Amino acid sequence: MTEPRHLDLAIIGAGVAGTYIADAVKQAQPDWSIALFERRDKIGGRLRSVAVPGVDHKIELGGMRYLTTQRRVQSIIDAFDIPTHLFDRTDGTQRSYLRGRFGDGPADPRAGDGYDLTDHERGRSADDLIMRAFQQILPGAGSLSAEAYVLARASATYRDRRLIDWTVGEALSTLLSPEGVRFATDAFGYDSGGRLFNVGDHIPFRLGGNDPNEEARTPDDGMDAIPRALTARFEGRGGFVHLRSELQAIHIDGDLQRLQFADGVSVEVKRTVITAPIPALRRLAAASPVLRAPEFADVLDSVEGFAAMKLYLWYERPWWRPEVSGIRTTTDLPLSKVFYVDTARDAPATLLAMYSDHRNVDPWLELAGSASDGMAAPEAMLAEVQRELRTLHPEGRDIPAPAGSALMHWGADPLEVAWTFWRPGYISDEIMAVAPQPDPAVGIHLAGETFSHAQSWIEGALESADPVIERLSAG
């Protein structure tokens with residue numbers, strides 16, 4: 001380390017939340033010595049954009065889009081004048097392949113024809129089934145204000161149980177048949193969000209601006225252009241950045257905190273912000289008595305992290321056009337979701353050929369082995385993916401072998417997850433009120449998409465960062 005071992009502020013994690021806080025607090029407190037510590041060798045956290053030779057766009061091993069309705073992200077894009085493009089540049093229809101039947105995505109009533117639905121469910125789309133269920137679980141869902149959702153999470157009940165005590169899967173099962181629930185989950189394409197999310201948070205999450213079907217954009221230079229821009233400005237203001245610096249423990253020494261890193265470096269700080277994913281937070285708590293105090297324990301227990309896997313393939317040209325007109329196919333095959341990323345019919349293109357989460361990752365674990373972090377997929381895995389792609393695209397063509405592949409398994413690293421959702425039994429608004437500083441007597445602050453109402457999105461990381469910035473900026 002080249003700067004003093006005594007800091008006014010240490011920020012752990014160089015993802016969106018960490019870099020956003022570092023930049024904002026350094027601007028508000030220019031005389032503070034502030035350092036940003038990241039255990040990996042790159043800026044970005046769960047935003048990992050990778051260039052593919054010959055392809056005019058980067059592949060996104062982590063978050064791959066932001067919604068234009070997410071004002072905090074958009075404000076950063078505007079402030080740095082970051083060029084972006086539409087995530088979906090096809091203007092085509094969504095596609096689904098469920099129980100051997102093709103359809104036009106979750107809004108298509110025909111998409112469920114392969115399921116053994118009840119008379120009440122048959123002929124209705126997955127979107128319709130879910131929306132009608134939401135209206136019964138929480139009357140007025142879809143038209144409630146943010147304040148009304150806060151009240152609902154605090155006091156609403158469903159079938160004589162607190163609303164927040166239900167997972168979305170349990171609640172849907174009281175209104176839909178098992179096949180109806182399966183159809184609704186398969187059509188959406190995500191296992192964890194469609195089953196295990198606290199229903200009091202899931203309903204406004206889906207209906208309040210976090211629906212991935214809304215208009216989305218991607219920076220031309222990749223999603224990690226956002227934290228890279230924030231980091232560059234932070235360093236320009238005199239901040240310090242340390243990569244390959246893994247925090248192992250926090251000890252309290254009087255009015256100071258002593259941060260112990262894996263490389264043996266010890267740093268004394270007045271304040272610490274932790275933006276690490278929940279598995280890393282829990283491991284850090286196991287080695288740090290201050291983080292095992294009840295004020296922190298309840299916060300850390302309120303959420304659950306989930307694994308996901310993404311496999312990109314790239315080709316000399318987009319062989320899927322023109323038969324596939326849109327950007328996505330959702331399926332009940334182990335591939336789960338396929339995204340088609342191309343800009344011209346005769347130019348190299350990429351295919352997000354498999355995108356699965358939680359239980360849907362299980363069929364791929366043995367085939368993937370230890371491959372992750374953008375490594376090429378094993379041959380056995382590629383063979384199975386090719387077989388399933390032929391099932392999804394039976395237009396009589398021979399699907400070519402890919403020119404290359406890149407696999408990301410969010411969960412292979414025990415300190416990482418793909419995203420986090422609120423557990424049943426916790427009132428998220430209460431947790432979010434204390435997470436910015438669980439113990440008012442200790443200058444340790446928590447941030448990240450983990451503790452937000454836009455979990456799994458960049459917007460959630462920024463939402464959780466704002467109250468931390470407000471506290472630190474005030475001194």
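The model is predicted. Helix 10 itself spans residues 278–286, and its buried residues are I278, P279, A280, L281, L284 and A285.

## Helix 1 and helix 15

Two packed helices are described by the angle between their axes and the distance between the axes. For helix 1 (residues 16–28) and helix 15 (residues 458–473), the axes come within 9 Å and cross at roughly 30°. Angles under 35 degrees count as roughly parallel, and helix 1 and helix 15 are therefore roughly parallel to each other. Their crossing is right-handed.

On the side of helix 1, the contact is made by V16, A17, Y20, I21, A24, V25 and A28; helix 15 contributes I458, A461, L462, A465, D466, V468, I469, L472 and S473. By class, the residues of this contact divide into 14 nonpolar, one polar and one charged.

Seven strands form an open sheet with mixed pairing, in the order 9-8-20-21-22-19-23. Strand 9 (101–103) and strand 23 (404–410) are the edge strands, each pairing on one side only. On average, neighbouring strands of this sheet are turned by 15° against each other, direction ignored.

Strand 22 (residues 349–357) is largely enclosed by the rest of the structure, because nine of its nine residues are buried. One of its partners is strand 19 (residues 308–315), with which strand 22 pairs in the antiparallel sense over eight bridges; here L313 stands opposite L351. Strand 21 (residues 337–341) also pairs with strand 22 in the antiparallel sense, over three bridges, and V341 stands opposite T350 there.

Strand 8 (residues 95–98) and strand 9 run antiparallel and are joined by three bridges. L98 has R101 in strand 9 as its bridge partner.

## Helices on the sheet

Helix 6 (residues 178–188) lies across strand 8 and strand 20 (328–331), and runs at about 150° to strand 20. Helix 13 (residues 379–392) packs on the sheet as well, where it touches strands 8, 9, 19, 20, 21, 22 and 23. The direction of helix 13 makes about 80° with that of strand 19.

## Backbone exceptions in loops

Most residues other than glycine have a negative phi, and most peptide bonds are trans. Which peptide bond is cis, with omega near 0°? The bond from R321 to P322 is cis. P322 lies in the loop between strand 19 and strand 20.

R99 is placed in the loop between strand 8 and strand 9, whereas D160 is found in the loop between strand 10 (157–158) and strand 11 (161–162). R99 has a relative accessible area of 32% and is therefore partly exposed. For D160 the relative accessible area is 80%, so D160 is exposed.

Terms used. Residues are numbered from 1 along each chain as its sequence is written. This is a predicted model: local features need pLDDT of at least 70, side-chain atom pairs count only at pLDDT 80 or more; totals for chains, interfaces and linings use all residues. Side-chain values use heavy atoms; hydrogens and water are left out. Buried means under 20% relative accessible area, exposed over 50%, partly exposed in between (1.4 Å probe, protein chains only). Helices (H or I, at least four residues) and strands (E, at least two) are DSSP runs, numbered from the N terminus. Two strands pair if DSSP finds at least two bridges between them. Axes are lines fitted to C-alpha atoms, for helices over the stretch in contact, and angles run from 0 to 180 degrees between N-to-C directions. Angles under 35 degrees count as roughly parallel, over 145 as roughly antiparallel, 65 to 115 as roughly perpendicular and the rest as oblique. A crossing is left-handed if the near helix is turned anticlockwise from the far one by less than a right angle, and right-handed if clockwise. Contact means heavy atoms within 4.5 Å. Ala, Val, Leu, Ile, Met, Phe, Trp, Tyr, Cys and Pro count as nonpolar, Asp, Glu, Lys and Arg as charged, and the others, Gly among them, as polar.
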